[in-house]
Amino acid sequence: MSSGKVIITGATSFIGKALIEKILKMQQYEIIAVVASDSPRKENILKSERIQVIESDLKDIDLIGRDVADSVAAIYHIGWSSRFSNPRYNMEGQMQNVDYLEKVINLGKRLGCKKILGIGSQAECGRVSEPISELTPDHPETAYAVAKCHAYERGMELCGQYGIDFYWPRLLSAYGPGDKMRTMIMSCLDAAVHKKKAEFTKCGQIWDYIYVSDVADALLGIADKGVPGIKYTIASGHGRKLADYISDITKIVDAPFLLEGIGKKEYADEQVMYLVGDISRLSLDTGFRPMVSFSEGIQATLEADFISK
């Protein structure tokens with residue numbers, strides 16, 4: 001029996017979808033899934049009597065209150081627009097997302113919401129040589145990262161004024177079904193399954209991947225037991241060379257030819273060589289620990305996005 005409602009923006013994203021699946025299993029909340037009116041993936045939203053789909057672009061998110069009859073327990077603001085040119089470095093475009101967060105918070109105030117959770121990024125920290133924790137200072141190097149930092153500051157300010165608990169965990173590298181095909185994991189799987197050549201750098205980067213259902217568990221744990229304002233790190237907590245991840249994929253998919261592509265490309269000028277999370281505080285406060293191994297996550301992604309299609 002449901003005991004309230006939650007709103008999820010970015011509901012068609014692979015993180016939004018995983019979060020919806022987890023909340024449905026909790027048997028506690030009804031879900032208001034906010035999707036862009038022109039999203040090609042809106043038909044992928046799970047069909048359930050407990051899910052109400054509302055079509056709205058982020059710029060109009062504060063107008064959806066008239067479609068919501070009851071008070072809302074929490075808003076999970078997963079949406080983050082990149083619908084503009086050169087999104088990584090376009091400051092004007094990225095700062096629109098800070099405005100959209102303000103609209104989400106104003107919506108939350110009007111609906112009597114007590115908790116709002118957004119998603120920060122490791123990009124806020126810039127290039128690092130030690131594990132990223134809640135204490136790692138901001139050092140943004142891109143417009144995307146600057147906007148994320150501003151979003152946290154504005155979220156804390158507004159939610160503080162309105163008496164709303166604001167959460168801003170910083171996510172490292174997530175993967176799983178429904179992720180964008182341009183990511184390293186998905187492009188590697190695509191090449192492996194379809195027997196296509198792929199070229200990589202020397203893949204000496206130390207990386208920390210976390211499966212998307214574990215990300216959803218972390219988000220729910222933070223909203224339930226976390227301390228507002230703490231920049232929890234969402235990651236697996238373990239780093240490995242990218243070459244090792246690729247090696248695992250070649251064994252799972254039986255595609256040893258992928259290894260021939262390692263070292264064919266040069267590192268980028270501003271290549272991030274180390275990206276590992278320290279999840280000690282997250283685990284201490286919420287009890288979170290990753291449950292899905294990399295090989296299990298790859299197998300699940302294969303079955304969902306490649307084998308079944």
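Select Tyr76 to begin: in this predicted model, Tyr76 is buried, with a relative accessible area of 6%. The residue is found in strand E4, which spans residues 74-77. Display its surroundings next. Leaving aside residues up to four places away in sequence, Tyr76 touches Val6, Ile7, Ile8, Thr9, Leu19, Ile23, Leu117, Leu219, Leu220 and Ala223.

From Tyr76, move to Lys17. The two residues are 59 apart in sequence, and their C-alpha atoms are 12 Å apart in space. Lys17 is partly exposed, at a relative accessible area of 33%. The side chains of Lys17 and Glu21 meet in a salt bridge, with an N to O distance of 3.0 Å. Both residues belong to helix H1 (residues 14-26), where they lie 4 residues apart, about one turn of the helix. Glu21 also counts as partly exposed, at 31% relative accessibility.

Side chains of opposite charge can pair when their charged atoms come close.

Select Glu55 and Lys42. Their side chains form a salt bridge at 3.2 Å, N to O. This pair links distant parts of the chain: Glu55 sits in strand E3 (residues 51-55), while Lys42 is in the loop between strand E2 (30-35) and E3, with 13 residues separating the two. Glu55 is partly exposed, with a relative accessible area of 46%, and Lys42 is likewise partly exposed, at 23%.

Proceed to Asp248 and Arg240. The closest N and O atoms of this salt bridge are 2.9 Å apart. Arg240 is partly exposed, its relative accessible area being 28%. Then select Glu124, Asp138, Arg170 and Lys231 together; these four residues are linked in a network of salt bridges.

The next stop is a pair of helices. Two packed helices are described by the angle between their axes and the distance between the axes. Colour helix H2 (residues 91-110) and helix H3 (residues 143-162): their axes come within 9 Å and cross at roughly 20 degrees. H2 is therefore roughly parallel to H3, since angles under 35 degrees fall in that class. The crossing of the two helices is right-handed.

To inspect the contact itself, show side chains on both helices. On the H2 side, the residues are Met91, Gln94, Met95, Val98, Leu101, Glu102, Ile105, Asn106 and Lys109. They meet Ala143, Tyr144, Val146, Ala147, His150, Ala151, Arg154, Gly155, Leu158, Cys159 and Tyr162 in H3. By residue class, the contact of H2 with H3 divides into 13 nonpolar, 4 polar and 3 charged.

Finish at helix H4, residues 184-193. How many of its 10 residues are buried? The number is 7, and H4 is mostly covered. To view them, select Ile185, Met186, Cys188, Leu189, Asp190, Ala191 and Ala192. Then bring in the elements that cover these buried residues, which include strand E9 (173-175), strand E11 (209-211), helix H6 (242-253) and helix H8 (294-307).

Methods: Residues are numbered from 1 along each chain as its sequence is written. This is a predicted model: local features need pLDDT of at least 70, side-chain atom pairs count only at pLDDT 80 or more; totals for chains, interfaces and linings use all residues. Side-chain values use heavy atoms; hydrogens and water are left out. Buried means under 20% relative accessible area, exposed over 50%, partly exposed in between (1.4 Å probe, protein chains only). Axes are lines fitted to C-alpha atoms, for helices over the stretch in contact, and angles run from 0 to 180 degrees between N-to-C directions. Angles under 35 degrees count as roughly parallel, over 145 as roughly antiparallel, 65 to 115 as roughly perpendicular and the rest as oblique. A crossing is left-handed if the near helix is turned anticlockwise from the far one by less than a right angle, and right-handed if clockwise. Contact means heavy atoms within 4.5 Å. Ala, Val, Leu, Ile, Met, Phe, Trp, Tyr, Cys and Pro count as nonpolar, Asp, Glu, Lys and Arg as charged, and the others, Gly among them, as polar.
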